[in-house]
Amino acid sequence: MTEAVLRLEGVTKRFGTVVAADSVDIEIGREFFSLLGPSGSGKTTMLRIIAGLEVPDLGNVRIEGRDVTRQPPYRRGVGMVFQDFLLFPHKTVAENIVFPLRMQGVPPAGRAEALGWITDLVHLKGLEGRFPHQLSGGQKQRVALARGLVSRPKLLLLDEPLANLDRELRKEMEVEIRRFQLELKIPFVYVTHNQEEALTMSDRMAIMRDGRILQVGGKLDLYHHPDLAFVAGFLGAPNVFEGKVTGLADGLAIIDWQGYPLQARAKGGLAVGQRAVCFVKSEKIELFAGTGQGRVDGVLRDAIFKGQYADYLVHLAGAREVTVSGPPRAELFAPGRPVSLSWSAEDGDAFPAGG
Amino acid sequence: MRGTFSIQVQLLALLYLFLYAPIAYVIYVSFQKDSVWPFPPDFTLEHYADLLHLRDFHAALVNSLTIGIGTGLLSALLATIAAIGVLRYASRWRGLVAAAYLAPLFIAHLLIGIASLMFNKQLLGLPGNIGSAILANTTYATAFAFLVVLAQLAKHDWRLDEAAMVFGAPPLRAFWSVTLPLIWPSVLGAVIVSFLLAFNNLEVTFYQVGARPTLPTLAWGELRHGVSEELYALASLINAAIFLFLGALYVLLRTGALRLDYRD
């Protein structure tokens, strides 16, 4: 991370008895930063506080070093892309896009030039004269992005911008939005509950729950090294095993699950004799045809072919079903076949149960 | 059933007959020589000529238009501000505030007229005039205008105004470039409704204008000598003006020169 463009210091906001932001500290540089969390975790409130649409009860918001906590939105110089696009329905595409420039008093020649540049960047050439109701969902999305970026804001805030698009379009826009950030070097703060979007586009991300930031870091770091059970369970498609800790050594825990000694990294101050939950991401489990020594035995219930890879649903002891992702192998497309699983100890994460 | 028209069409025709027959009759009579028993028809324009020569007709027309336009603009302005306040600022008193705006609907116009006369004259020492007539009519017209504006404003997406503010528009600028272009049809509706109420008002206006004539007070004065033929002409002209206005509005909307709604 280079110098911080946005800095939140101890930002707290309550709505009645609901704590939407609980002393949040974040620093964001010229990067793609995602706030990822389930709905109701306070991520949209965080975005509204950054934009100036909400004033925090406590704490400060700094943009480029300046304290803007009490500044109204129209003096902050940030751009925003809203969930329902919120294009001005009475204005054409061109008028919508240059609206921020008009508000800044940019003369018509400058607006026309910027319009040409941004419509080129976001591929909207030829649609300038249309009204929002004449556009498709994807086109509206591009107009919203163009309006957010046209004035080269200090920050671009994106509030679940892809939530209303169908899957195909979402995939396409993920790549596009990432490209805009890389080309313009403007910090993007992206709010989503969709981990795929966050993992695809971000440089760094923060996991939020109940108004608190649980963990911040590079996306690979967060994905592979979760500090908390919630983070481990939220990212990827993890399988969960719950059992008693029977041994601890070198930061690894041995957990007794249905008579199998499972190994995982011990986290959160795990102690021998304690109950633990162990998370293993589906793609980190290795699947073997037939039973084997030192592996967890099971029966293949189904294999789901996804093209580049396959999801194998394996029935284990105790009516447990786990998902294993891996390369499609012809011999494993045989429901009912006995199989066995294993993973290396570093690929599991064990946390105290109930934490 | 052998009927050419469905029962719905027949009911609709009956409803229109109920609504428009009296008005059509007045228009018909205004062109008849004998207004008491205008059958068989004997067409003439002399009542219109008489109307134009009626003493005070021009002054009454100008006064009524002034009161109507003044009340229309003032009521719509106040009602729009009131509706925005009620809708945007969440408060547990919201219902009470809205009800207080509507209260004048339940007060007899005659009472509003007398009350404003007494208040102006005895407490403020102000003489009645066209200005005070505008203010007195605005009291109840604002309530109607408030209902008209509130109905459409309730559907307005205020997040658009937030978006405008994020993109650099101070509140007034946001209102001017985003809110107003989207809500103007309801504001115009409020202007029209309160204009018509004040333009046609007798009871409130009567106590404010003193000896100055308006069309309703003129008609009221004329009535004391029986229903004169000029009144039929006057009623027909006012109706014609209103129909022409609404017709023009319809044509503008149909041709797309004016737009009431933006589908999204």
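**View 1. Lys306(A) and Asp311(A) pair up in a salt bridge.** Start with Lys306(A): its relative accessibility is 42%, so this lysine counts as partly exposed. The model you're looking at is predicted, by the way. Why do the two get different labels? Between the two side chains, the N to O distance is 3.8 Å.

**View 2. Lys43(A) and Glu160(A) form a salt bridge between distant parts of chain A.** Here the N to O distance is 3.6 Å. Lys43(A) belongs to helix 1 (residues 43-51), whereas Glu160(A) sits in the loop between strand 7 (156-159) and helix 5 (167-184), 117 residues apart. Are these two buried or exposed? Lys43(A) has 4% relative accessibility, so it counts as buried. Glu160(A) has 8%, so it counts as buried too.

**View 3. Glu9(A) reaches Arg62(A) in a salt bridge that links two strands of chain A.** The side chains meet at 3.2 Å, N to O. Glu9(A) is in strand 1 (residues 6-15) and Arg62(A) is in strand 4 (residues 58-63), which puts them 53 residues apart. Glu9(A), at 24% relative accessibility, counts as partly exposed. Arg62(A), at 25%, is also partly exposed.

**View 4. Five charged residues of chain A are tied into a salt-bridge network.** Look for Arg142(A), Glu172(A), Glu176(A), Arg179(A) and Glu183(A), which are linked in this network. Over all chains, the whole structure has 23 salt bridges.

**View 5. Phe99(A) belongs to the largest nonpolar core.** That core has 42 residues, and those with the most contacts inside it are Leu6(A), Leu8(A), Leu35(A), Phe99(A), Leu155(A), Leu157(A) and Val189(A). What does Phe99(A) touch, leaving out residues up to four places away in sequence? In chain A, it touches Phe88(A) and Lys91(A). In chain B, Phe99(A) touches Ala164(B), Phe167(B), Ala169(B), Ser177(B) and Val178(B). Another core, of 35 residues, lies apart from this one, and among its members are Ala94(A), Ala144(A), Leu149(A) and Phe188(A).

**View 6. Glu162(B) and Arg48(A) join the two chains with a salt bridge.** Their side chains meet at 2.9 Å, N to O. Two salt bridges are found across the interface of chain B and chain A, along with four residue pairs in polar contact. On the chain B side, helix 7 (159-166) and helix 8 (171-200) are the elements that give two or more residues. Helix 7 of chain B gives the largest share, seven residues. By type, the chain B side splits into 13 nonpolar, two polar and seven charged residues.

**View 7. Chain B meets chain A through 22 residues of chain B and 26 of chain A.** Together, the chains bury about 2200 Å², with 67% of it on carbon and sulfur atoms. What is each chain built from? Chain B has 11 helices and zero strands, whereas chain A has eight helices and 20 strands. Of the 264 residues of chain B, 38% count as buried; for the 355 residues of chain A, the figure is 51%.

Terms used:
Residues are numbered from 1 along each chain as its sequence is written. Chains are lettered from A and ligands numbered from 1 in the order in which they are written. This is a predicted model: local features need pLDDT of at least 70, side-chain atom pairs count only at pLDDT 80 or more; totals for chains, interfaces and linings use all residues. Side-chain values use heavy atoms; hydrogens and water are left out. Contact means heavy atoms within 4.5 Å. Buried area is the accessible area (1.4 Å probe) that two parts lose on being put together, summed over both. A salt bridge is a side-chain nitrogen of Lys or Arg within 4 Å of a carboxyl oxygen of Asp or Glu. A polar contact is a pair of N or O atoms within 3.5 Å; within protein, one must be able to donate a hydrogen and the other to accept it, and residues adjacent in sequence count only if both atoms are side-chain atoms. Helices (H or I, at least four residues) and strands (E, at least two) are DSSP runs, numbered from the N terminus. Ala, Val, Leu, Ile, Met, Phe, Trp, Tyr, Cys and Pro count as nonpolar, Asp, Glu, Lys and Arg as charged, and the others, Gly among them, as polar. A nonpolar core is a set of buried Ala, Val, Leu, Ile, Met, Phe, Trp, Tyr and Cys residues joined through side-chain atoms within 4.5 Å. Buried means under 20% relative accessible area, exposed over 50%, partly exposed in between (1.4 Å probe, protein chains only).
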